[in-house]
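Here is a short tour of one protein model. Look over the sequence and the fold before reading on.

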Amino acid sequence: MTDVDKRYGLLNEVSGIEETRNPQRQRHLPMGAAFGWLTAGWRDLMVRPGPSLVYGFAVFVVSVVFIWTMFVLEWDYILFPALAGFMIVAPVLAVGLYEKSKAIENGKQPTLGAMLRVKPRAGAHMFFTGLLLCLLMLLWMRAAVLIYALFFGIRPFPGLDHIIGVLLTSPMGWAMIIIGTLIGGLFAAFGFAISVFSVPMLLDQRTDALTAMATSMAMVWNNLIPMITWGAIVLALFAVSVGTGLIALIVVFPLLGHATWHAYKAIR
(Lines give C-alpha, C1' and ligand atoms only; values in the text may rest on other atoms or scores of the structure.)
Protein backbone atom coordinates (compact mmCIF):
# COMPACT_ATOMS: atom_id res chain seq x y z
CA MET A 1 0.00 0.00 0.00
CA THR A 2 1.44 3.35 -1.02
CA ASP A 3 1.63 6.44 1.20
CA VAL A 4 -1.23 7.96 -0.78
CA ASP A 5 -3.41 4.92 -0.15
CA LYS A 6 -2.67 5.10 3.58
CA ARG A 7 -3.99 8.63 3.69
CA TYR A 8 -7.23 7.84 1.91
CA GLY A 9 -10.47 5.98 2.44
CA LEU A 10 -11.26 6.07 6.16
CA LEU A 11 -7.73 4.87 7.00
CA ASN A 12 -6.41 8.20 8.24
CA GLU A 13 -6.83 9.36 11.82
CA VAL A 14 -10.01 11.41 12.22
CA SER A 15 -9.83 14.63 14.27
CA GLY A 16 -10.98 14.43 17.87
CA ILE A 17 -12.20 17.19 20.16
CA GLU A 18 -8.62 18.25 20.94
CA GLU A 19 -8.14 18.89 17.22
CA THR A 20 -11.35 20.91 17.15
CA ARG A 21 -9.89 23.22 19.77
CA ASN A 22 -6.49 23.40 18.04
CA PRO A 23 -5.48 27.09 17.74
CA GLN A 24 -3.67 26.21 14.50
CA ARG A 25 -7.14 26.05 12.92
CA GLN A 26 -7.66 29.74 13.73
CA ARG A 27 -7.37 32.01 10.69
CA HIS A 28 -7.94 35.32 12.51
CA LEU A 29 -10.41 36.37 9.86
CA PRO A 30 -12.26 39.67 10.36
CA MET A 31 -16.01 39.57 10.94
CA GLY A 32 -16.51 41.24 7.54
CA ALA A 33 -14.70 38.42 5.69
CA ALA A 34 -18.09 36.89 4.87
CA PHE A 35 -19.04 39.93 2.79
CA GLY A 36 -15.82 39.50 0.83
CA TRP A 37 -16.79 35.90 0.07
CA LEU A 38 -20.19 37.09 -1.10
CA THR A 39 -18.57 39.67 -3.39
CA ALA A 40 -16.23 37.05 -4.85
CA GLY A 41 -19.20 34.74 -5.36
CA TRP A 42 -21.00 37.47 -7.30
CA ARG A 43 -17.95 37.90 -9.55
CA ASP A 44 -17.94 34.19 -10.32
CA LEU A 45 -21.68 34.32 -11.00
CA MET A 46 -21.13 37.09 -13.55
CA VAL A 47 -18.44 35.09 -15.39
CA ARG A 48 -20.56 33.32 -18.00
CA PRO A 49 -23.68 33.66 -15.83
CA GLY A 50 -25.78 31.37 -18.02
CA PRO A 51 -24.58 28.02 -16.57
CA SER A 52 -24.94 29.28 -12.99
CA LEU A 53 -28.46 30.60 -13.59
CA VAL A 54 -29.50 27.37 -15.33
CA TYR A 55 -28.14 25.51 -12.32
CA GLY A 56 -30.11 27.77 -9.99
CA PHE A 57 -33.24 27.34 -12.11
CA ALA A 58 -32.88 23.56 -11.91
CA VAL A 59 -32.68 23.75 -8.11
CA PHE A 60 -35.76 26.00 -8.13
CA VAL A 61 -37.75 23.55 -10.29
CA VAL A 62 -36.76 20.56 -8.16
CA SER A 63 -37.75 22.47 -5.01
CA VAL A 64 -41.15 23.45 -6.44
CA VAL A 65 -41.84 19.88 -7.58
CA PHE A 66 -40.86 18.59 -4.15
CA ILE A 67 -43.20 21.04 -2.38
CA TRP A 68 -46.02 20.29 -4.83
CA THR A 69 -45.57 16.57 -4.17
CA MET A 70 -45.79 17.20 -0.43
CA PHE A 71 -49.16 18.91 -0.89
CA VAL A 72 -50.45 16.16 -3.18
CA LEU A 73 -49.50 13.54 -0.59
CA GLU A 74 -50.93 15.73 2.18
CA TRP A 75 -47.55 16.09 3.85
CA ASP A 76 -47.94 19.85 4.18
CA TYR A 77 -47.49 19.55 7.95
CA ILE A 78 -43.73 19.08 7.40
CA LEU A 79 -43.37 21.96 4.94
CA PHE A 80 -41.59 24.31 7.33
CA PRO A 81 -39.21 21.64 8.68
CA ALA A 82 -38.51 20.59 5.07
CA LEU A 83 -37.61 24.16 4.10
CA ALA A 84 -35.26 24.35 7.07
CA GLY A 85 -33.85 20.93 6.19
CA PHE A 86 -33.09 22.13 2.67
CA MET A 87 -30.32 24.27 4.13
CA ILE A 88 -28.69 21.14 5.56
CA VAL A 89 -28.36 19.36 2.20
CA ALA A 90 -27.80 22.50 0.07
CA PRO A 91 -23.96 22.28 0.20
CA VAL A 92 -24.09 18.93 -1.63
CA LEU A 93 -26.52 20.28 -4.23
CA ALA A 94 -24.11 23.16 -4.91
CA VAL A 95 -21.14 20.97 -5.84
CA GLY A 96 -21.40 21.95 -9.53
CA LEU A 97 -21.13 25.62 -8.55
CA TYR A 98 -17.95 24.88 -6.63
CA GLU A 99 -16.63 23.24 -9.79
CA LYS A 100 -17.28 26.40 -11.78
CA SER A 101 -15.52 28.61 -9.23
CA LYS A 102 -12.61 26.18 -9.18
CA ALA A 103 -12.39 26.32 -12.99
CA ILE A 104 -12.39 30.12 -12.95
CA GLU A 105 -9.66 30.07 -10.31
CA ASN A 106 -7.54 27.76 -12.49
CA GLY A 107 -8.06 29.92 -15.58
CA LYS A 108 -10.32 27.41 -17.32
CA GLN A 109 -13.52 28.07 -19.25
CA PRO A 110 -16.53 27.11 -17.08
CA THR A 111 -19.27 25.18 -18.85
CA LEU A 112 -22.60 23.75 -17.75
CA GLY A 113 -21.50 20.29 -18.85
CA ALA A 114 -18.46 20.41 -16.58
CA MET A 115 -20.66 21.60 -13.69
CA LEU A 116 -23.01 18.63 -14.17
CA ARG A 117 -20.22 16.06 -14.66
CA VAL A 118 -18.33 16.80 -11.49
CA LYS A 119 -15.74 14.21 -10.45
CA PRO A 120 -14.80 14.90 -6.82
CA ARG A 121 -11.25 13.96 -5.88
CA ALA A 122 -12.68 12.14 -2.86
CA GLY A 123 -14.80 9.92 -5.08
CA ALA A 124 -17.59 8.03 -3.31
CA HIS A 125 -16.96 9.90 -0.07
CA MET A 126 -18.92 12.80 -1.55
CA PHE A 127 -21.93 10.46 -1.85
CA PHE A 128 -21.40 9.25 1.72
CA THR A 129 -21.39 12.83 3.01
CA GLY A 130 -24.54 13.63 1.05
CA LEU A 131 -26.23 10.54 2.50
CA LEU A 132 -25.34 11.58 6.05
CA LEU A 133 -26.70 15.09 5.47
CA CYS A 134 -29.93 13.66 4.03
CA LEU A 135 -30.32 11.43 7.09
CA LEU A 136 -29.74 14.46 9.32
CA MET A 137 -32.45 16.35 7.44
CA LEU A 138 -34.89 13.43 7.82
CA LEU A 139 -34.07 13.21 11.51
CA TRP A 140 -34.87 16.90 11.94
CA MET A 141 -38.17 16.54 10.09
CA ARG A 142 -39.15 13.62 12.33
CA ALA A 143 -38.14 15.59 15.41
CA ALA A 144 -40.33 18.50 14.25
CA VAL A 145 -43.35 16.19 13.96
CA LEU A 146 -42.68 14.81 17.46
CA ILE A 147 -42.39 18.33 18.90
CA TYR A 148 -45.78 19.22 17.41
CA ALA A 149 -47.31 16.02 18.83
CA LEU A 150 -45.87 16.70 22.29
CA PHE A 151 -47.50 20.11 22.45
CA PHE A 152 -50.79 19.52 20.60
CA GLY A 153 -51.28 15.79 20.89
CA ILE A 154 -52.27 13.41 18.11
CA ARG A 155 -54.70 15.57 16.20
CA PRO A 156 -55.10 16.43 12.50
CA PHE A 157 -52.88 19.18 11.20
CA PRO A 158 -55.06 22.33 10.91
CA GLY A 159 -53.56 23.30 7.56
CA LEU A 160 -51.11 26.03 6.62
CA ASP A 161 -53.88 28.66 6.55
CA HIS A 162 -54.71 28.03 10.23
CA ILE A 163 -51.46 26.88 11.82
CA ILE A 164 -49.99 30.39 12.17
CA GLY A 165 -53.05 31.53 14.10
CA VAL A 166 -52.91 28.45 16.31
CA LEU A 167 -49.24 29.04 17.11
CA LEU A 168 -49.45 32.79 17.72
CA THR A 169 -52.67 32.95 19.75
CA SER A 170 -52.03 30.35 22.44
CA PRO A 171 -49.38 29.90 25.17
CA MET A 172 -48.88 26.32 23.97
CA GLY A 173 -48.20 27.61 20.47
CA TRP A 174 -45.60 30.10 21.67
CA ALA A 175 -43.96 27.40 23.80
CA MET A 176 -43.74 25.13 20.75
CA ILE A 177 -42.24 27.93 18.65
CA ILE A 178 -39.54 28.56 21.27
CA ILE A 179 -38.68 24.90 21.86
CA GLY A 180 -38.86 24.06 18.16
CA THR A 181 -36.63 26.99 17.25
CA LEU A 182 -34.02 25.98 19.83
CA ILE A 183 -33.97 22.34 18.73
CA GLY A 184 -34.06 23.29 15.05
CA GLY A 185 -31.21 25.71 15.67
CA LEU A 186 -29.10 22.88 17.09
CA PHE A 187 -29.77 20.74 14.02
CA ALA A 188 -29.00 23.68 11.71
CA ALA A 189 -25.80 24.61 13.56
CA PHE A 190 -24.53 21.03 13.49
CA GLY A 191 -25.42 20.56 9.82
CA PHE A 192 -23.80 23.87 8.93
CA ALA A 193 -20.62 23.08 10.87
CA ILE A 194 -20.01 19.66 9.33
CA SER A 195 -20.93 20.56 5.75
CA VAL A 196 -19.93 24.14 4.98
CA PHE A 197 -16.29 23.24 4.28
CA SER A 198 -16.40 19.45 4.00
CA VAL A 199 -18.22 19.33 0.65
CA PRO A 200 -15.85 21.77 -1.14
CA MET A 201 -12.96 19.91 0.50
CA LEU A 202 -14.14 16.56 -0.85
CA LEU A 203 -14.34 18.11 -4.31
CA ASP A 204 -10.86 19.61 -4.03
CA GLN A 205 -8.88 17.09 -2.01
CA ARG A 206 -8.35 13.34 -1.83
CA THR A 207 -9.64 12.70 1.69
CA ASP A 208 -12.42 10.81 3.41
CA ALA A 209 -15.84 12.03 4.50
CA LEU A 210 -15.33 11.82 8.27
CA THR A 211 -12.02 13.69 8.17
CA ALA A 212 -13.56 16.37 5.95
CA MET A 213 -16.55 16.82 8.27
CA ALA A 214 -14.34 16.91 11.38
CA THR A 215 -12.06 19.48 9.74
CA SER A 216 -15.06 21.56 8.72
CA MET A 217 -16.34 21.58 12.30
CA ALA A 218 -12.89 22.53 13.61
CA MET A 219 -12.64 25.41 11.15
CA VAL A 220 -16.07 26.71 12.10
CA TRP A 221 -15.35 26.43 15.82
CA ASN A 222 -12.02 28.24 15.58
CA ASN A 223 -13.35 31.00 13.32
CA LEU A 224 -16.66 31.43 15.07
CA ILE A 225 -17.35 35.15 14.56
CA PRO A 226 -16.90 35.25 10.75
CA MET A 227 -18.74 31.93 10.42
CA ILE A 228 -21.70 33.20 12.47
CA THR A 229 -21.76 36.20 10.15
CA TRP A 230 -21.67 33.93 7.11
CA GLY A 231 -24.43 31.74 8.53
CA ALA A 232 -26.59 34.83 9.15
CA ILE A 233 -26.07 35.97 5.54
CA VAL A 234 -27.04 32.53 4.21
CA LEU A 235 -30.13 32.46 6.41
CA ALA A 236 -31.19 35.98 5.39
CA LEU A 237 -30.82 35.27 1.66
CA PHE A 238 -32.68 31.99 1.99
CA ALA A 239 -35.49 33.79 3.83
CA VAL A 240 -35.67 36.24 0.92
CA SER A 241 -35.93 33.27 -1.45
CA VAL A 242 -38.78 31.75 0.56
CA GLY A 243 -40.52 35.14 0.68
CA THR A 244 -40.49 35.30 -3.14
CA GLY A 245 -41.97 31.83 -3.52
CA LEU A 246 -38.45 30.43 -4.11
CA ILE A 247 -38.07 32.44 -7.34
CA ALA A 248 -35.12 34.36 -5.91
CA LEU A 249 -33.43 30.98 -5.40
CA ILE A 250 -32.53 31.05 -9.10
CA VAL A 251 -29.96 33.74 -8.31
CA VAL A 252 -29.42 33.26 -4.58
CA PHE A 253 -28.46 29.59 -4.79
CA PRO A 254 -25.62 30.02 -7.32
CA LEU A 255 -24.47 33.19 -5.54
CA LEU A 256 -24.14 31.35 -2.23
CA GLY A 257 -22.60 28.32 -3.92
CA HIS A 258 -19.83 30.35 -5.53
CA ALA A 259 -19.32 32.34 -2.32
CA THR A 260 -18.99 29.12 -0.28
CA TRP A 261 -16.11 28.03 -2.50
CA HIS A 262 -14.28 31.28 -1.73
CA ALA A 263 -15.02 30.80 1.99
CA TYR A 264 -13.41 27.36 1.77
CA LYS A 265 -10.36 28.68 -0.06
CA ALA A 266 -9.94 31.50 2.48
CA ILE A 267 -10.14 29.26 5.51
CA ARG A 268 -8.50 25.98 4.53
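## A helical fold

Trp261 is buried, at a relative accessible area of 0%. Buried means under 20% relative accessible area, exposed means over 50%, and partly exposed lies in between (1.4 Å probe, protein chains only). Trp261 sits in helix α14, and so does Tyr264, 3 residues apart and about one turn of the helix. Tyr264 is buried too, with a relative accessible area of 0%.

The model is predicted: local features need pLDDT of at least 70, side-chain atom pairs count only at pLDDT 80 or more, and totals for chains, interfaces and linings use all residues. Residues are numbered from 1 along each chain as its sequence is written, and side-chain values use heavy atoms, leaving out hydrogens and water.

The protein chain has 14 helices and 0 strands. Helices (H or I, at least four residues) and strands (E, at least two) are DSSP runs, numbered from the N terminus. Of the 268 residues of the chain, 45% count as buried. Contact means heavy atoms within 4.5 Å. Among contacts between residues at least 6 apart in sequence, 78% join residues at least 24 apart. The accessible surface of the chain comes to about 14,000 Å², and 72% of it belongs to carbon and sulfur atoms. Accessible areas come from the Shrake-Rupley method with a 1.4 Å probe; for residues, only the protein chains shown count as cover.

## Inside the protein

A nonpolar core is a set of buried Ala, Val, Leu, Ile, Met, Phe, Trp, Tyr and Cys residues joined through side-chain atoms within 4.5 Å. The largest such core has 42 residues. Which residues have the most contacts inside it? They are Phe197, Met227, Trp230 and Phe253. Several elements give two or more residues to this core, including α3 (33–46), α4 (49–72), α5 (79–93) and α13 (224–243). Helix α14 gives the most, with 10 residues.

Phe197 touches Ser216, Met219, Val220, Met227, Ala263, Tyr264 and Ile267, not counting residues up to four places away in sequence. A second, separate core has 22 residues, among them Leu83, Leu136, Phe187 and Met213.

## Aromatic pairs

The structure holds 6 aromatic pairs. Rings of Phe, Tyr and Trp (its six-membered ring) pair if their centres lie within 6.5 Å; planes under 30 degrees apart count as stacked, over 60 as edge-to-face and the rest as tilted. Two of the pairs are set out here.

| Pair | Centre to centre | Angle between planes | Type |
|---|---|---|---|
| Phe86 and Phe253 | 6.2 Å | 50° | tilted |
| Trp261 and Tyr264 | 5.3 Å | 50° | tilted |

Phe86 lies in helix α5 and Phe253 in helix α14, so this pair links distant parts of the chain, 167 residues apart. Phe86 counts as buried at 14% relative accessibility. Phe253 is also buried, at 6%. Together with Phe238, Phe86 and Phe253 form one aromatic cluster.

A salt bridge is a side-chain nitrogen of Lys or Arg within 4 Å of a carboxyl oxygen of Asp or Glu. How many does the structure hold? It holds 2 salt bridges.

Lys102 is in helix α6 (residues 95–105) and Asp204 in helix α11 (residues 198–204), 102 residues apart. Lys102 and Asp204 are both buried.

Lys265 forms a salt bridge with Glu105, with the closest N and O atoms 3.2 Å apart. Lys265 lies in helix α14 (residues 249–267) and Glu105 in helix α6, so the pair ties together parts that are 160 residues apart in sequence. Lys265 is partly exposed, at 23% relative accessible area. Glu105 is partly exposed as well, at 40%.

Helix α6 is mostly covered, with 8 of its 11 residues buried. Among them are Val95, Gly96, Leu97 and Tyr98. Gly107 follows α6 and has a positive phi, near 75°.

## A nonpolar surface patch

Phe127, Phe128, Leu131, Leu132, Leu135, Leu138 and Leu210 form a nonpolar patch on the surface, with about 640 Å² of accessible area together. Patches are made of residues with over 30% relative accessible area and no salt bridge: like charges are joined within 9 Å, nonpolar side chains (Val, Leu, Ile, Met, Phe, Trp, Tyr) within 5 Å. Helix α8 (residues 125–152) gives the most to this patch, with 6 residues. Leu210 is found in helix α12 (residues 209–222). Leu210 counts as partly exposed, at 37% relative accessibility.
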